[in-house]
Amino acid sequence: MQAELIDIRNHLVRHAPFDELPEEMLDRVVASIEIAYYRAGTDILEFGQRNNWLYYIRSGAVEIYRRSGELYNRITEGDIFGQFGLLMNKTVRFPARAIEDCLVYRIPDQVFQYLWEHDETFADYVEIEDRSRLRSALSRREKSNELMTSRVTRLISRAPVSAPCTVRLQEAARIMTEQGVSALLLMDEEGERPRLKGIITDRDLRTRAVTEALPSETPVSEIMSAGLIVTKAQSFIFEAMLTMLHNNVHHLPVMDNDEVRGVIALADIVKYESQSSLYLVGNIYHQNDIKGLKKISRDVRDSFVRMVNEDANSHMIGSAMAGIGRSFTQRLLALGEEKFGPPPVPYCFMALGSMARDEQLVVTDQDNAMILDDSFVPEEHDGYFLALAKFVSDGLDACGYTYCTGDIMATNQKWRQPLKVWKTYFTNWIQEPSAEALLNSNIFFDLDGIYGENEFAEQLKTLVAEQASGSQRFLALLARNALNRTPPLGFFRTFVMEEDGKHNKTFNLKRRGTAPLSDLIRVHALACGSRAQNSFERLKAIAETKLIPEDGVGNLRDALEFISIVRIRHQALAIEAGREPDNNVRPEDLSPFERSHLKDAFQVVSNAQKFLKFRYTAQVSRHV
């Protein structure tokens with residue numbers, strides 16, 4: 001092959017959709033190419049004209065317009081245009097104009113049609129627009145992971161084994177032994193049809209009956225677990241796994257409306273879930289000191305990398321990592337109570353930020369706070385809670401969850417207050433939204449009670465949901481704050497990078513990608529009164545209220561997923577290479593596929609921020 005053709009081939013193979021073509025097809029494209037040059041300001045395609053070429057930009061930049069003359073897109077090196085006309089009677093649908101001097105490869109229609117007919121990936125790419133292309137890329141990825149495509153009913157191997165909730169301990173043990181099950185469902189048989197009342201497991205019999213030397217005739221209802229955590233028959237396996245992680249349970253009844261379809265156990269999911277995150281959580285609760293917790297914390301990164309390599313989605317990975325972080329925190333609190341004695345008044349330990357949103361990764365610090373019962377008396381009780389908070393914070397730091405540089409921790413007395421004070425905090429932040437109040441809102445409005453009297457945290461969620469949605473001024477100011485961090489996309493869809501420091505020539509996928517998305521999603525979720533914390537769950541609530549157009553919600557969901565996955569893979573690759581993971585990416589370290597679709601995703605973020613600015617138009621005080 002001539003040197004010039006080799007150069008063309010090497011350039012094409014770096015960019016979608018040519019990067020996935022078989023070699024013989026790629027050679028056919030290269031052999032057919034004509035080279036054209038267009039000066040800045042030149043019209044390349046005019047609406048309605050006949051066109052027989054697919055255009056590929058080797059260098060320069062092109063603007064694509066709608067038939068109305070409205071700007072549709074700006075594209076640059078490695079992008080294609082003209083494909084929609086080739087698919088529609090070879091008539092130009094989107095006019096194109098060179099806005100820089102452009103060197104362009106022209107691929108004949110005959111070759112384009114051949115690729116379209118014989119290569120599914122190429123056909124998918126050219127048939128759909130940027131945001132749809134992003135959805136298609138994510139769909140292909142999701143289909144490769146059995147956890148995300150298999151329903152939980154696939155794990156049910158037998159009909160549920162049950163007994164009346166009035167059964168005695170000895171009889172319950174006999175039924176479980178004869179049936180060979182580790183869990184027995186307990187039914188309330190009063191009324192027309194039995195209803196699930198509780199569950200008893202082998203572990204319950206050991207720890208609650210045998211250890212306590214209860215008589216064999218004791219009603220099983222005295223030791224059964226009520227207030228059951230269940231999963232729906234329509235749920236996916238990964239959703240059941242996350243439910244187990246979040247609630248630290250080993251058995252899940254599977255419900256189809258009010259009917260019990262069966263019970264799945266930890267061992268059932270482990271057959272599919274080789275990442276060992278469930279085992280890791282189990283090991284956390286078996287540790288008796290910080291030294292033991294620190295030792296097994298080394299397994300967190302291994303679990304993270306395994307999930308990434310098995311193509312888990314960002315929701316699954318973020319929820320699993322948050323579940324592991326919660327488990328470390330909960331175990332430290334239990335150990336703290338063993339060390340310092342029972343708490344003098346009830347309290348709730350709150351997780352904040354990414355852990356509360358179920359969006360935690362391996363590069364994270366600790367954000368937490370304490371809600372104390374209103375009977376709290378500082379002079380009498382605060383010494384205990386400060387010691388407990390310090391014990392937990394030091395333990396988390398030892399386990400890899402570094403201290404918060406902004407001091408958003410329960411060790412800070414400001415964030416260790418009675419419920420009534422917290423309610424005053426939240427109400428003031430909404431009603432008097434100063435700059436500091438808005439900063440606190442971004443942090444504390446992502447909250448989750450993870451230990452103790454979790455109802456305290458639920459009351460704060462209710463307060464926020466009720467008050468924030470009714471304050472247009474607060475929402476407008478919060479929206480303005482959400483526009484401070486913009487995606488790293490330049491005028492010509494090139495990446496805008498840091499210019500100094502150790503992260504020179506990189507862009508930060510958290511600060512410039514996932515954070516702006518979670519910020520703007522939070523604003524919309526607060527506006528519609530949602531209590532959801534996770535960004536994907538918030539998007540569901542936004543879609544239900546039709547606060548933004550349905551396709552807009554889908555675009556946000558896809559953009560968040562893709563940016564998150566690129567960030568996750570960047571961290572996993574660093575861990576595998578023995579480097580410290582971070583959020584700063586160099587464009588040259590990304591695959592052509594990732595570069596192309598990141599641009600699509602960042603464009604979604606940019607458009608969503610424009611909509612956010614348009615949507616919230618309340619008057620903003622000049623004094624804020």
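Helix H21, spanning residues 510–527, packs against helix H23, spanning residues 550–576, at an angle of about 150 degrees. Their axes lie 10 Å apart, and H21 passes H23 in a left-handed crossing. Keep in mind as you look around that this is a predicted model.

Now let's move to strand E16, which runs through residues 368–372. Is this strand mostly covered or mostly exposed? E16 is mostly covered, with five of its five residues buried. That holds for both of its faces: Asn368, Met370 and Leu372 are buried on one side, and Ala369 and Ile371 are buried on the other.

E16 also has strand partners to follow. Strands of a sheet pair through backbone hydrogen bonds, and they can do so in a parallel or an antiparallel way. With strand E15 (residues 347–352), E16 pairs in the antiparallel sense over five bridges; in E16, Ala369 has Met350 standing opposite. With strand E17 (residues 416–418), E16 pairs in the parallel sense, over three bridges. Here Met370 stands opposite Arg416 of E17. You can trace the path onward from E16 as well: together with helix H16 (residues 378–398) and E17, E16 makes a right-handed β-α-β unit.

Our last stop is an open sheet made of three strands in the order E12-E13-E14, with mixed pairing. Why is one side of E12 and of E14 left without a neighbour in the sheet? Strand E12 (231–232) and strand E14 (259–265) stand at the edges and each has a single partner strand, so one side of each has no neighbour there. Helix H10, made of residues 237–247, packs on this sheet and touches E12, E13 and E14. The direction of H10 makes about 135 degrees with that of E13. Within the sheet, strand E13 (residues 251–256) and E14 pair in the antiparallel sense over six bridges. To find your bearings in that pairing, look for Leu252, which stands opposite Ile264 in E14.

How values were computed
Residues are numbered from 1 along each chain as its sequence is written. This is a predicted model: local features need pLDDT of at least 70, side-chain atom pairs count only at pLDDT 80 or more; totals for chains, interfaces and linings use all residues. Side-chain values use heavy atoms; hydrogens and water are left out. Axes are lines fitted to C-alpha atoms, for helices over the stretch in contact, and angles run from 0 to 180 degrees between N-to-C directions. Helices (H or I, at least four residues) and strands (E, at least two) are DSSP runs, numbered from the N terminus. A crossing is left-handed if the near helix is turned anticlockwise from the far one by less than a right angle, and right-handed if clockwise. Buried means under 20% relative accessible area, exposed over 50%, partly exposed in between (1.4 Å probe, protein chains only). Two strands pair if DSSP finds at least two bridges between them. A crossover is right-handed if, with the strands pointing away from the viewer, the path from the first strand over the helix to the second runs clockwise. Contact means heavy atoms within 4.5 Å.
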